[in-house]
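Take a look at the model before reading on.

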Amino acid sequence: MSTDAKLSPELDLRKRRFLIGATGVVGGLGAAAAIVGIATAAQESNLGADPRTLTPNGDGDVGLFQQRSLVGWYANGATQADNVAILNDHAYAARTFFLGNTTTTGFHIPGLADIDGWQDMSVTQAAQAVQRSAFPGAYAQHEALARALVQRLAGGAAGQILCA
């Protein structure tokens, strides 16, 4: 096995971390949103490193953020298979986590930006407001990692990034 092949899973993981963080910041939501996004994806899919998240679970959830792949939910494909492909696009999944998705019927599934007062919530509360997980406290275990990663992206100290 070449050195490149050995490094590629870690490089891919770094790309996903950067993508989530950059999407939150570039989307105008700032570093606090990036922290929420990274903590959420760390809980939901081990930042995309868990191969089981590439295919729908029993609820039809798939991808970085375990978003529902059923027609009429987080992607606007004509079939569930179309939506699985769409939601496994990390850039799309991150954008949808932050900004939500308006379905073809006009219903808007909220993202972080749609949650009133998310900036004043704890990371766990903000993640739960978007995800509606059966395990709402599980995001807390990933907060330190998320803060450290966003600190690296921002080039400052992790404590300087405010999120309740």
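## The D114 site

D114 counts as partly exposed because its relative accessibility is 35% (buried is under 20% relative accessible area, exposed over 50%, partly exposed in between; 1.4 Å probe, protein chains only). D114 sits in the loop between β4 (108–109) and α5 (123–131). Helices (H or I, at least four residues) and strands (E, at least two) are DSSP runs, numbered from the N terminus.

The model is predicted: local features need pLDDT of at least 70, side-chain atom pairs count only at pLDDT 80 or more, and totals for chains, interfaces and linings use all residues. Residues are numbered from 1 along each chain as its sequence is written, and side-chain values use heavy atoms, leaving out hydrogens and water.

Leaving aside residues up to four places away in sequence, D114 touches L99, G100, H108 and I109 (contact means heavy atoms within 4.5 Å). D114 and G100 are 14 residues apart in sequence, yet their C-alpha atoms are 7.5 Å apart.

## Helix α4

At the start of α4, a side-chain oxygen of D89 reaches to within 3.0 Å of the backbone nitrogen of A91. The buried residues of α4 are Y92, A93, A94, T96, F97 and F98.

## Nonpolar cores

The largest nonpolar core has 29 residues; I20, F65, L112 and W118 touch the most other members. Such a core is a set of buried Ala, Val, Leu, Ile, Met, Phe, Trp, Tyr and Cys residues joined through side-chain atoms within 4.5 Å. α2 gives the most to this core, with 9 residues.

Conventions: A polar contact is a pair of N or O atoms within 3.5 Å; within protein, one must be able to donate a hydrogen and the other to accept it, and residues adjacent in sequence count only if both atoms are side-chain atoms.
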